[in-house]
Amino acid sequence: MKRRNTPSKDAVLELLTRTGKAMSRDAIEKNIDVAIDRATIYRILNRFCEDGQVHKIVAEDGKQYFAVCIKCDDKAFPQNHFHFRCTKCNTIVCLPQAVHFSVPEGYHVESINCVLTGICKVCAKVT
């Protein structure tokens, strides 16, 4: 189904693309340059997830973070990849390393969530 573009959708996607990092709804709300409420941001983000434009990461802090999907080069960012959450700048970046795992016979994995937590390389230089 073809979806219409709105200034709000364009602004959210532009922000996520420009930052290159996964952002929480509240971070998006603080950094966006159009008037938009919390419910609309979530609606837009969930629609982007359904359409495969954005993927959702749930970190150990319980927050949902959203990042633009990079599907043009599956070697750069495989579908199942690691994420790194910086506890200093509170951002999440997608890492190009594929997640490799095995499960006992009879188990069928439907999704994975691999979040590494620590201090990112940018923040590590500052301290």
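Me: What makes the largest nonpolar core a core, and which residues have the most contacts inside it?
Reply: In this predicted model, the largest nonpolar core has 14 residues. Those with the most contacts inside it are Val-12, Leu-16, Ile-28, Ile-32, Ile-36 and Leu-45. They count as a core because they are buried nonpolar residues joined through side-chain atoms within 4.5 Å. Helices H1 and H3 each supply at least two residues of this core.

Me: Which residues does Ile-28 touch, leaving out those up to four places away in sequence?
Reply: Ile-28 touches Val-12, Leu-15, Leu-16, Met-23, Ile-41 and Leu-45. To touch here is to have heavy atoms within 4.5 Å.

Me: What other core is there, and which residues does it include?
Reply: A second, separate core has 7 residues. Among them are Ile-57, Ala-59, Ala-67 and Cys-94.

Me: Why is Ser-8 called buried?
Reply: Its relative accessible area is 18%. Buried means under 20%, so Ser-8 qualifies. Ser-8 sits in helix H1. Beyond its neighbours within four places in sequence, Ser-8 is in contact with Val-34, Ile-36 and Ile-44.

Me: How do you know that Arg-18 and Glu-14 form a salt bridge?
Reply: The closest N and O atoms of Arg-18 and Glu-14 are 3.0 Å apart. The cut-off is 4 Å, so the pair counts. Both residues lie in helix H1 (residues 7–19). They are 4 residues apart, about one turn of the helix.

Me: Are Arg-18 and Glu-14 exposed or partly exposed?
Reply: Arg-18 has a relative accessible area of 53%. Exposed means over 50%, so Arg-18 is exposed. Glu-14 stands at 40%. That value falls between 20% and 50%, so Glu-14 is partly exposed.

Me: What makes Glu-29 and Arg-25 a salt bridge?
Reply: Their closest N and O atoms are 2.2 Å apart. That is within 4 Å, so the pair qualifies. Glu-29 and Arg-25 both belong to helix H2 (residues 25–31), 4 residues apart. Arg-25 is buried, at 11% relative accessible area. Glu-29 is partly exposed, at 33%.

Me: Why do Arg-47 and Glu-50 count as a salt bridge?
Reply: The closest N and O atoms of Arg-47 and Glu-50 are 3.7 Å apart. The limit is 4 Å, so this pair is counted. The two are 3 residues apart in helix H3 (residues 38–51), about one helical turn. Arg-47 is partly exposed, with 31% relative accessibility. Glu-50 is exposed, with 58%.

Me: How many salt bridges does the structure hold?
Reply: It holds 5 salt bridges. Side chains of opposite charge can pair when their charged atoms come close.

Me: What is the order of the strands in the open sheet?
Reply: The order is E1-E3-E2, and the pairing is antiparallel. Strand E1 (23–24) and strand E2 (54–58) stand at the edges. Each has a single partner strand, so one side of each is left without a neighbour in the sheet.

Me: How do you know that E2 and E3 pair?
Reply: E2 and strand E3 (residues 64–68) share 5 bridges. Pairing needs at least two, so these strands pair. One example is Ile-57, whose bridge partner in E3 is Tyr-65.

Me: Which helices pack on this sheet?
Reply: H1 touches E1, E2 and E3, and its direction makes about 80° with that of E3. H3 touches E2 and E3, and its direction makes about 110° with that of E2.

Me: Why is strand E4 called largely enclosed?
Reply: Strand E4 covers residues 81–86. 5 of its 6 residues are buried, so the rest of the structure largely encloses it.

Me: What makes E4 a partner of both E5 and E6?
Reply: E4 and strand E5 (residues 92–98) are joined by 4 bridges and run antiparallel. E4 and strand E6 (residues 115–118) also have 4 bridges, but in the parallel sense. At least two bridges are needed, so both pairings count. Arg-85 has a bridge partner in each: Ile-92 in E5 and Thr-117 in E6.

Me: Where is the positive phi in the hairpin of E4 and E5?
Reply: Asn-90 takes a positive phi near 55°. This hairpin has 5 residues between the strands.

Technical notes
Residues numbered from 1 in each chain as written. Predicted model: local features only at pLDDT ≥ 70, side-chain atom pairs only at ≥ 80, totals over all residues. Heavy atoms only, no water. Salt bridge = Lys/Arg side-chain N within 4 Å of Asp/Glu carboxyl O. Buried < 20%, exposed > 50% of the residue type's maximum accessible area, 1.4 Å probe, protein only. Axes fitted to C-alpha atoms, helices over the stretch in contact; angles between N-to-C directions.
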